[in-house]
There are 2 protein chains.
Amino acid sequence: MEPEIQVFRDFIRKRGLRGTKEREAIVREILTTQDHFDVDELYFRLKKTAGVSKASIYRTIPLLIEAGLINEVYLENGHMHYEHVYGRDHHCHLRCRICRVIVEVTDPRLTQIEREIASRNNFVSEGHKLEIVGVCPSCQNQHPMA
Amino acid sequence: MEPEIQVFRDFIRKRGLRGTKEREAIVREILTTQDHFDVDELYFRLKKTAGVSKASIYRTIPLLIEAGLINEVYLENGHMHYEHVYGRDHHCHLRCRICRVIVEVTDPRLTQIEREIASRNNFVSEGHKLEIVGVCPSCQNQHPMA
DNA sequence: GTATCTGCAAACCCTTTGCAATAAG
DNA sequence: CTTATTGCAAAGGGTTTGCAGATAC
């Protein structure tokens, strides 16, 4: 049993919610997702195996976020994207403005800075998101003036 | 003449676009905005003075971004927000998860880290956005368990 | 058995767009 | 005069929701 399945079942039980096959199918599908996804992609992947409606996906996502399995990611595409975060190093996104490729990078200094900035302002810190925008090596070659 | 008006006029001329009273009104209204805003807020503020349609606001925003006067801000409210950035220190956002208040903070180390991460990945870096989420002092008192 | 969950379709909301009239250069 | 821009209203696209039937507990 993957730990995330257990985490989700515990979360569901603690909340007094019900463990349905749709919710399990969504969690299992997300387990196989290594990079970013959106609702449509998840819907079409689930269609092949479990057939979960989009409404149920939209209603399950807040639960997955609260359970700590996924995070919202803003990708400037006009709609929300998500990433599988449970059990992974916290990372930030280096995004190419031209081809939109995303490189995930980790830097331990960021967590340190997060804590410092939060405590300097008397906040209890719960996490951070850093996005760096630029032009990737391959787009630099194709658009040397960009 | 505020420098931003001049920057915008130069941008418009360089692009071969036309300087209309609607575009000027939008720039002037944004000049008076110190914190974050969205299209609706801008629309209602302009209604009192200039009466610019939402369509024109939506069509002008990409120009303001390209001219370097404003930036997009993601606020988890389901729609886009913007901030007035021209001539200001780059800053990041410390946001309270409960009351949604936003504190702007600057930290010179972030720019350093941005450059390092970008160059380590052979990216040409163009900027970064850091958001720290947590609980502000006042919400800590009102919801001690949060 | 009872309350929650699902799927469907409609509603919602923000944003974009087609078009005829207007205005800038 | 020519072409870009505006305002309106309709269309678009992602997300949410009301409801009746299904299902977990």
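Author: Along the sequence, chain A runs α-α-α-α-β-β-β-β-α-β-α. That gives 6 helices and 5 strands. Helices (H or I, at least four residues) and strands (E, at least two) are DSSP runs, numbered from the N terminus. The model is predicted: local features need pLDDT of at least 70, side-chain atom pairs count only at pLDDT 80 or more, and totals for chains, interfaces and linings use all residues. Residues are numbered from 1 along each chain as its sequence is written, chains are lettered from A and ligands numbered from 1 in written order, and side-chain values use heavy atoms, without hydrogens and water.

The C-alpha atoms of chain A fill a box of roughly 55 × 45 × 25 Å along the principal axes. Of its 146 residues, 41% are buried (under 20% relative accessible area; exposed is over 50%, partly exposed in between; 1.4 Å probe, protein chains only). Take contacts between residues at least 6 apart in sequence: 47% of them join residues at least 24 apart. Contact means heavy atoms within 4.5 Å.

Now the helix pair. Two packed helices are described by the angle between their axes and the distance between the axes. H2(A) spans residues 21-31 and H3(A) residues 39-49. Their axes come within 10 Å and cross at roughly 115°. Axes are lines fitted to C-alpha atoms, for helices over the stretch in contact, with angles from 0 to 180 degrees between N-to-C directions. H2(A) and H3(A) are therefore roughly perpendicular (65 to 115 degrees; under 35 is roughly parallel, over 145 roughly antiparallel, the rest oblique). The crossing is right-handed: the near helix is turned clockwise from the far one by less than a right angle.

H2(A) brings Ala25(A), Ile26(A), Glu29(A) and Ile30(A) to the contact. H3(A) brings Leu42(A), Arg45(A), Leu46(A) and Thr49(A). By class, that is 5 nonpolar, 1 polar and 2 charged residues. Ala, Val, Leu, Ile, Met, Phe, Trp, Tyr, Cys and Pro count as nonpolar, Asp, Glu, Lys and Arg as charged, and the others, Gly among them, as polar.
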